[in-house]
Amino acid sequence: MTELGPLDTGFMEMEDTDRRVSLGIRTVAIVDGPPPAQQELRAWLDRGLERHWRLRQWVRRRLMDLKAPVWEEDPTFDLGHHIR
């Protein structure tokens with residue numbers, strides 16, 4: 001488990017204070033050409049998730065918020081759920 005740093009913890013607190021506030025970063029890509037087959041897309045995403053393992057984790061708060069939240073493995077992570 002890795003604790004969140006002060007900046008990340010501060011962002012979480014700001015978002016939790018007002019549910020209309022989102023400090024998330026998003027992006028959109030417009031790609032020319034035919035879409036990949038689902039198996040090809042799945043293989044590409046699996047390779048990316050191997051390099052960027054943090055994407056398979058979630059943030060867990062500590063009891064009574066006495067310590068910084070931590071990153072931990074999401075035991076229910078299912079890539080298939082996200083690429084339907």
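The points below go from the chain as a whole to its charged side chains.

1. The model is a predicted one. The protein chain contains three helices and three strands. Followed along the sequence, these elements come in the order β-α-α-β-β-α.

2. Overall dimensions. The radius of gyration of the protein chain is 16 Å, whereas a compact globule of 84 residues would have a value near 12 Å. Along the principal axes, the C-alpha atoms occupy a box of roughly 50 × 30 × 20 Å.

3. Burial and surface. Of the 84 residues in the protein chain, 15% count as buried. Among contacts with a separation of 6 or more, 49% are between residues 24 or more positions apart.

4. Charges in general. The protein chain carries 13 positive and 15 negative side chains. The centres of these two sets lie 2 Å apart. Side chains of opposite charge can pair when their charged atoms come close. How many salt bridges does a search of the whole structure find? The search finds nine, and three of these pairs are taken up in the next points, namely R61 with D16, D46 with R42 and R60 with E72.

5. The pair R61 and D16. The closest N and O atoms of this salt bridge are 2.0 Å apart. The pair links distant parts of the chain: R61 lies in the loop between β2 (57-60) and β3, D16 lies in helix α1 (residues 6-17), and the two are 45 residues apart. R61 is partly exposed, its relative accessible area being 28%. D16 also counts as partly exposed, with 33% relative accessibility.

6. Why are D46 and R42 separated by about one helical turn? They are separated by about one helical turn because they are four residues apart in helix α2 (residues 38-51). D46 is partly exposed at a relative accessible area of 24%, and R42 is partly exposed at 33%.

7. The pair R60 and E72. The closest N and O atoms of R60 and E72 are 2.7 Å apart. This pair, too, links distant parts of the chain, with R60 in strand β2 and E72 in strand β3, 12 residues apart. Is E72 buried or exposed? E72 counts as buried, because its relative accessibility of 18% falls under the cut-off of 20%. R60, by contrast, is partly exposed, with a relative accessible area of 33%.

8. The case of D74. This residue is placed in the loop between β3 (70-73) and α3 (79-82). D74 is buried yet forms no salt bridge. Which side chain of opposite charge is nearest to D74? It is R56, at a distance of 9.0 Å. When residues up to four places away in sequence are not counted, D74 touches R56, Q57 and W58. The reader may therefore note that R56 touches D74, although a salt bridge requires a side-chain nitrogen of Lys or Arg within 4 Å of a carboxyl oxygen of Asp or Glu.

Note on methods. Residues are numbered from 1 along each chain as its sequence is written. This is a predicted model: local features need pLDDT of at least 70, side-chain atom pairs count only at pLDDT 80 or more; totals for chains, interfaces and linings use all residues. Side-chain values use heavy atoms; hydrogens and water are left out. Buried means under 20% relative accessible area, exposed over 50%, partly exposed in between (1.4 Å probe, protein chains only). Lys and Arg count as positive and Asp and Glu as negative; His and the chain ends are not counted. Contact means heavy atoms within 4.5 Å. The radius of gyration is taken over C-alpha atoms; the globule rule is 2.2 Å times the number of residues to the power 0.38. The place of a charge is taken as NZ of Lys, CZ of Arg, CG of Asp or CD of Glu.
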